[in-house]
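The following note sets out numbered points for a colleague examining the model shown here. Please read each point with the coordinates at hand.

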Amino acid sequence: MGRAALVALLGTALMLTTLPSAAHAGARPAAPPVQRTDASSGGPMHTSEACNADPASCHDSNWLYRYIYSLGIHPFTSPNDVRKQLTGNFWLFSVRGACPTRIHPKDECDLLGGNPVRVEAIEYNYLQIATLPGHALGDGLHIRFTFTRSLGFHYLIVSAWQRKPTACTEKTLCNVASRVGAWALWRLLSETLAISAYLA
């Protein structure tokens with residue numbers, strides 16, 4: 001299927017599930033929301049608020065990966081537009097599984113393969129999820145999907161960290177395989193969003 005046909009197909013699907021008009025490209029929230037202390041969003045002695053402001057401060061030795069993908073040039077689309085399009089049309093997510101079409105903070109659902117996750121946060125330019133007990137990679141894995149823009153070019157940054165090692169991350173082969181698999185999986189997501197962002 002050609003790129004133009006794929007864009008047309010995505011456009012039709014998005015119009016059927018459209019959200020209210022997206023924020024203008026220059027819009028920014030007045031202030032970040034205040035969140036209660038919760039060590040589950042990062043390492044010990046970190047608060048959710050601190051982790052949301054600077055996730056790298058929470059990763060410590062449990063940082064797993066950070067991948068950056070280009071979404072192409074979209075000069076009239078803000079990072080918030082792309083984030084809203086993904087969370088409002090979650091069928092765009094590579095491994096949506098049994099998750100609802102529109103997701104909200106604190107939602108819990110099973111990704112493809114019966115892997116349970118919780119939506120930890122949805123903010124102006126990012127979506128953050130965490131794995132739950134029963135997930136193939138173990139529980140307590142935090143994955144953040146951040147959308148940025150520079151000179152009209154959009155990027156997807158996927159970061160993953162854990163509070164403590166799991167049965168998978170303690171085994172070299174499983175750990176390497178999961179990182180390589182994640183790179184390929186999130187690349188597929190970036191390619192989907194590179195097309196759908198034209199309609200955001």
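1. Contacts in the protein (heavy atoms within 4.5 Å) are divided here by sequence separation. Among those with a separation of 6 or more, 56% join residues 24 or more positions apart.

2. The model is predicted: local features need pLDDT of at least 70, side-chain atom pairs count only at pLDDT 80 or more, and totals for chains, interfaces and linings use all residues. Residues are numbered from 1 along each chain as its sequence is written, and side-chain values use heavy atoms, with hydrogens and water left out.

3. The protein contains five helices and six strands, taken as DSSP runs (helices H or I, at least four residues; strands E, at least two) and numbered from the N terminus. Their order from the N terminus is α-α-α-β-α-β-β-β-β-β-α.

4. Of the 200 residues, 44% are buried; the classes are buried under 20% relative accessible area, exposed over 50% and partly exposed in between (1.4 Å probe, protein chains only). The accessible surface of the protein is about 10400 Å², and carbon and sulfur atoms contribute 61% of that surface. Areas come from the Shrake-Rupley method with a 1.4 Å probe, and for residues only the protein chains shown count as cover.

5. Aromatic rings of Phe, Tyr and Trp (its six-membered ring) pair if their centres lie within 6.5 Å; planes under 30 degrees apart are stacked, over 60 edge-to-face, and the rest tilted. Tyr65 and Tyr67 are stacked, because their ring centres are 4.7 Å apart and their planes lie at 10°. Tyr65 is buried at 8% relative accessibility, and Tyr67 is buried at 18%.

6. Phe90 and Phe93 also make a stacked pair, with centres 4.6 Å apart and planes at 15°. Phe90 is buried at 3%, as is Phe93 at 2%. Together with Phe145 and Trp186, Phe90 and Phe93 form one aromatic cluster.

7. Two salt bridges are present, each requiring a side-chain nitrogen of Lys or Arg within 4 Å of a carboxyl oxygen of Asp or Glu. One joins Glu108 and Arg118 at 3.0 Å, N to O. This pair links distant parts of the chain, 10 residues apart: Glu108 lies in strand β2 (residues 108-111) and Arg118 in strand β3 (residues 115-122). Arg118 is partly exposed at 32%.

8. Glu191 and Arg187 form a salt bridge with their closest N and O atoms 3.4 Å apart. Both belong to helix α5 (residues 172-196), and they are separated by about one helical turn because they are four residues apart. Glu191 is partly exposed at 41%, and Arg187 is partly exposed at 38%.
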